[in-house]
Amino acid sequence: MISKQAFYKRCKTQENKKLNDKKIIEIVLEYRKKVGIRTCGIKPYSELKNDFVKQDIKIGRD
């Protein structure tokens, strides 16, 4: 059994994660249109890191 506070905190966290995931996908798709589809891994991560920081998105490389 979880408290109401924990339940709503979890709901809010999940909603924020969904929004961040959508933002990340949009940024990466835009990047791939410019650079090419085959780029993946550390290179786009390092180049897009500043965009993620500007929008307060926390992301790991993998």
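This report walks through the helices, core, surface patch and side-chain pairs of a predicted model.

Local features need pLDDT of at least 70 and side-chain atom pairs count only at pLDDT 80 or more, while totals for chains, interfaces and linings use all residues. Residues are numbered from 1 along each chain as its sequence is written, and side-chain values use heavy atoms, with hydrogens and water left out.

**Overall picture**

The chain has 2 helices and 0 strands; these are DSSP runs numbered from the N terminus, with helices (H or I) of at least four residues and strands (E) of at least two. Of the 62 residues, 13% are buried, where buried means under 20% relative accessible area, exposed means over 50%, and partly exposed lies in between (1.4 Å probe, protein chains only). The areas come from the Shrake-Rupley method with a 1.4 Å probe, and for residues only the protein chains shown count as cover.

**The core**

The largest nonpolar core has 6 residues: Ile24, Ile27, Tyr31, Leu48, Phe52 and Ile57. A core here is a set of buried Ala, Val, Leu, Ile, Met, Phe, Trp, Tyr and Cys residues joined through side-chain atoms within 4.5 Å. Leaving aside residues up to four places away in sequence, Leu48 touches Ile27, Val28 and Tyr31 (contact means heavy atoms within 4.5 Å).

**The surface patch and the aromatic pair**

Let's turn to the surface. Ile2, Phe7 and Tyr8 form a nonpolar patch there, with about 340 Å² of accessible area together. Patches take residues with over 30% relative accessible area and no salt bridge, joining like charges within 9 Å and nonpolar side chains (Val, Leu, Ile, Met, Phe, Trp, Tyr) within 5 Å. Ile2 lies in the segment before helix H1 (4-35).

The whole structure holds 1 aromatic pair. The ring centres of Phe7 and Tyr8 are 5.1 Å apart and the planes stand at 80 degrees, so the pair is edge-to-face. Rings of Phe, Tyr and Trp (its six-membered ring) pair with centres within 6.5 Å; planes under 30 degrees apart are stacked, over 60 edge-to-face, and the rest tilted.

**The salt bridge**

There is 1 salt bridge, linking Lys17 and Asp21 with the closest N and O atoms 3.2 Å apart. The criterion is a side-chain nitrogen of Lys or Arg within 4 Å of a carboxyl oxygen of Asp or Glu. Because Lys17 and Asp21 are 4 residues apart in helix H1, about one helical turn separates them.

| Residue | Relative accessibility | Class |
|---|---|---|
| Ile2 | 47% | partly exposed |
| Phe7 | 41% | partly exposed |
| Tyr8 | 56% | exposed |
| Lys17 | 52% | exposed |
| Asp21 | 32% | partly exposed |
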